[in-house]
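Okay everyone, thanks for coming.

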Amino acid sequence: MGMMQEFKEFAVKGNVIDLAVGVIIGGAFGKIVTSMVEDVIMPIVGAVFGNLDFTNLFIALGKVPEGTAPTLAALKAAGVPTLAYGNFITVALNFAIMAFIIFVMVKQINRLKREAPPAPAEPPATPEDVVLLREIRDSLKSPR
C-alpha cells in the first residue's frame, strides 16, 4: 500500500475529522473567552481595585529614552525591554476560565454518557429434563 493511500485512509477516519472540528471550534471558543476576560472581567476587576488596568502593568528593564511616554506600547516601540506582568495576569486568568469551562463541559458529557446499570438478567430457563424429573418427583410424592 502506498504512502498516499495510507495517508488518505488516516485523514478520512472519523477520529481525525472530529479532532479537526474540535480544534477549529476550540480556536473560536478561545477568542470568545479572551474577549470575555479582556473586555468584561478585567475591567470589573480593575474597577474593584481602583481603576487598575492590568494590561499596562509592567516594569521597564532597560533605560527609558527621554520623551518616551510611560506606557507599555510606547516602551516596546522604543525598544526598551519590559516585564509585562499585567499581560501575564490577563493570560493566566484567561487560561483559568478556559480550563474551568472545559472541565464543566467534560463533566457534563461524561454525565450524559453514563449508561444506566443493566437490569438484572432473568435466570436461564430450566432445562426440559430437569422439569420432567421434578414432575416425576412431585407425582411420586403425591398420595394416590
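Let's start at Thr82, which is buried, with a relative accessible area of 19%. Buried here means under 20% relative accessible area, exposed means over 50%, and partly exposed is in between, using a 1.4 Å probe and protein chains only. Thr82 sits in strand β2, residues 82-83. Helices (H or I, at least four residues) and strands (E, at least two) are DSSP runs, numbered from the N terminus. And what does Thr82 touch, not counting residues up to four places away in sequence? The list is Phe58, Ile59, Ala60, Leu61, Leu72, Leu75 and Lys76. A contact, by the way, is heavy atoms within 4.5 Å.

Before I go on, a word on where this comes from. It's a predicted model, so local features need pLDDT of at least 70 and side-chain atom pairs count only at pLDDT 80 or more, while totals for chains, interfaces and linings use all residues. Residues are numbered from 1 along each chain as its sequence is written, and side-chain values use heavy atoms, with hydrogens and water left out.

Now the overall layout. How many helices and strands does the protein have? Five helices and two strands, and from the N terminus on they run α-α-β-α-β-α-α. The C-alpha trace spans about 125 × 55 × 25 Å along its principal axes. The radius of gyration is 34 Å, whereas a compact globule of 144 residues would have one near 15 Å. That radius is taken over C-alpha atoms, and the globule rule is 2.2 Å times the number of residues to the power 0.38.

Buried residues make up 12% of the 144 residues. The accessible surface comes to about 11900 Å², and carbon and sulfur atoms account for 68% of that; these areas come from the Shrake-Rupley method with a 1.4 Å probe, and for residues only the protein chains shown count as cover. If you take contacts between residues at least 6 apart in sequence, 47% of them join residues at least 24 apart.

For a sense of distances, have a look at Glu122. You'll find it in the loop between α4 and α5 (128-141), and at 73% relative accessibility Glu122 counts as exposed. Compare Asn56, in the loop between α2 and β1 (59-60). Asn56 is partly exposed at 38%, and its C-alpha atom is 6.6 Å from that of Thr71, 15 residues away along the chain.

On to the inside. Which residues make up the largest nonpolar core? There are seven: Val33, Val37, Met42, Phe54, Leu57, Ile97 and Met98. The elements that give two or more residues to this core are α2 (14-48) and α4, and α2 gives the most, with three. A nonpolar core is a set of buried Ala, Val, Leu, Ile, Met, Phe, Trp, Tyr and Cys residues joined through side-chain atoms within 4.5 Å. As a general point, nonpolar side chains tend to be buried together in soluble globular proteins. Take Val33: leaving aside its neighbours within four places in sequence, Val33 is in contact with Asn94, Ile97, Met98 and Ile101.

Gly86 lies in helix α4 and is buried, with a relative accessible area of 0%. Not counting residues up to four places away in sequence, Gly86 touches Phe54 and Leu57.

Ile59, Leu61, Leu83, Tyr85, Phe88 and Ile89 make a nonpolar surface patch of about 580 Å². Patches are made of residues with over 30% relative accessible area and no salt bridge, with like charges joined within 9 Å and nonpolar side chains (Val, Leu, Ile, Met, Phe, Trp, Tyr) within 5 Å. Helix α4 (residues 85-113) supplies the largest share of the patch, three residues. Tyr85 belongs to that helix and is partly exposed at 35%.

Last stop, salt bridges: a side-chain nitrogen of Lys or Arg within 4 Å of a carboxyl oxygen of Asp or Glu. How many does a search of the whole structure find? One. The partners are Arg137 and Asp138, at 3.3 Å from N to O. Arg137 is partly exposed at 41%, and Asp138 is partly exposed too, at 42%.
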